[in-house]
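Keep the sequence and the 3D view open as you read.

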Amino acid sequence: MFLAGAECPFTCSFCDLWRWTLDGPTPVGAIPVQLARALEPLARPLPERLKLYNASNFFDARAVPREDLPRIAELARPFAAVTVESHASTIGPATLELKTLVSGRLEVAVGLETIHPVAMEHLNKRLALARFDSAAEFLAGHDIDLRAFVLLGLPYVPVQESIAWTIRSVEYAVARGAKRVAIIPVRSGNGELERLQALGAFVPPTLAQLEDALVQCSAIASAAVTADLWDVDRLPACEVCRPQRIARIRAMNLRSGPWLPASSSCSACA
Ligand code: SF4
Ligand SMILES: [Zn+2]
């Protein structure tokens, strides 16, 4: 469920979620009303998991008023699991409150993005690894699942090292308890990345790199690693093998293992 609410106070250089937010704080009651309206027409049986994405941090009271948590939990009751998104810094008492209220299993999705030291600085995410670690520890200590987001194709990471840094970052998240990790190719479109691209500091990741990163993560047994296919048609790719690569990534995303063998090489882009 994509919910409209207050804008995120962080200003990560790669993020364009502010386009889907309100100008001021989320009015009390607005999130439950949106959720109720969106759930109502859904066909039964409902899926097992409800994901609530509000283009910000779920535990920021400006984005999701605390007084709305009981009603949100009530609406989420038919689901066996509930996922919300949060910056590591806003995980805390409100997270525990939601955990107490929801009847299903709670999972919090946190953007680790990368562990590359230079790229991290330039992301402007204001997230030190120690903060991610303590958030992961907090969630594990309260029996809350951790999902992590890791980026592919970051500015300031040399292209030839791009996949390796993504894999290292996925491994880092998994080592701290992430049960699911989504690899997200960095997408331009917010102005800043276009500026960096013009300066030569950003090369958009390709579909082939995304597939490669996903295949290489297949060795990680303790977590489900997936590749984010949002706007996949915008990723640079060879037009001959594009459909085959997308189909293969989709298949890999959906199966828990064993993984498919490597793509047959494409004569057009090999
Ligand atoms: S913390 Fe998340 S929502 Fe906020 S600007 Fe960064 S990526 Fe976007
Ligand atoms: Zn090709």
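**A predicted sheet and its surroundings**

Lys51 stands opposite Thr83 in strand S2. This is a predicted model, in which local features need pLDDT of at least 70 and side-chain atom pairs count only at pLDDT 80 or more, while totals for chains, interfaces and linings use all residues. Residues are numbered from 1 along each chain as its sequence is written, and chains are lettered from A and ligands numbered from 1 in the order in which they are written. Helices (H or I, at least four residues) and strands (E, at least two) are DSSP runs, numbered from the N terminus.

**The sheet**

- S1 and strand S2 (residues 81-85) run parallel and are joined by 4 bridges; two strands pair if DSSP finds at least two bridges between them.
- The whole sheet is open, has 6 strands in the order S1-S2-S3-S4-S5-S6, and shows parallel pairing.
- Strand S1 (49-52) and strand S6 (224-227) are at the edges with a single partner strand each, so one side of each has no neighbour in the sheet.
- On average, neighbouring strands of this sheet are turned by 20° against each other, direction ignored.
- Helix H5 (residues 129-141) packs on the sheet, where it touches strand S3 (105-113) and strand S4 (145-152); here contact means that C-beta atoms, placed from the backbone, lie within 7 Å.
- The direction of H5 makes about 170° with that of S3; axes are lines fitted to C-alpha atoms, for helices over the stretch in contact, and angles run from 0 to 180 degrees between N-to-C directions.

- Strand S5 (residues 178-185) runs parallel to S6, and 4 bridges join the two.
- Ile183 has Ala227 of S6 opposite.
- In a regular strand the side chains alternate between the two faces of the sheet.
- A residue is buried if 20 or more other C-beta atoms lie within 10 Å of its own, exposed if 12 or fewer, and partly exposed in between, with C-beta atoms placed from the backbone.

- Helix H1 (residues 30-39) has Ile31, Pro32 and Leu35 buried.
- These residues lie on the same side of H1, because they cover an arc of only 95° around the axis; the arc is that of the directions from the helix axis to the C-beta atoms.
- Helix H2 (69-75) is what the buried residues of H1 pack against.
- Ile163 lies in helix H6 (residues 162-175) and counts as buried, with 23 C-beta neighbours inside 10 Å.
- Leaving aside residues up to four places away in sequence, Ile163 touches Gln209, Asp212, Ala213 and Gln216.

- Pro45 sits in the loop between H1 and S1, and the peptide bond from Arg44 to Pro45 is cis, with omega near 0°.
- Tyr156, in the loop between S4 and H6, is not a glycine but has a positive phi of about 75°.
- With 16 other C-beta atoms within 10 Å, Tyr156 is partly exposed.
- Asp231, in the loop between S6 and helix H9 (242-254), also is not a glycine and has a positive phi of about 55°.
- Asp231 is exposed, with 10 other C-beta atoms within 10 Å.

Note on methods: Two residues are in contact if their C-beta atoms, placed from the backbone, lie within 7 Å.
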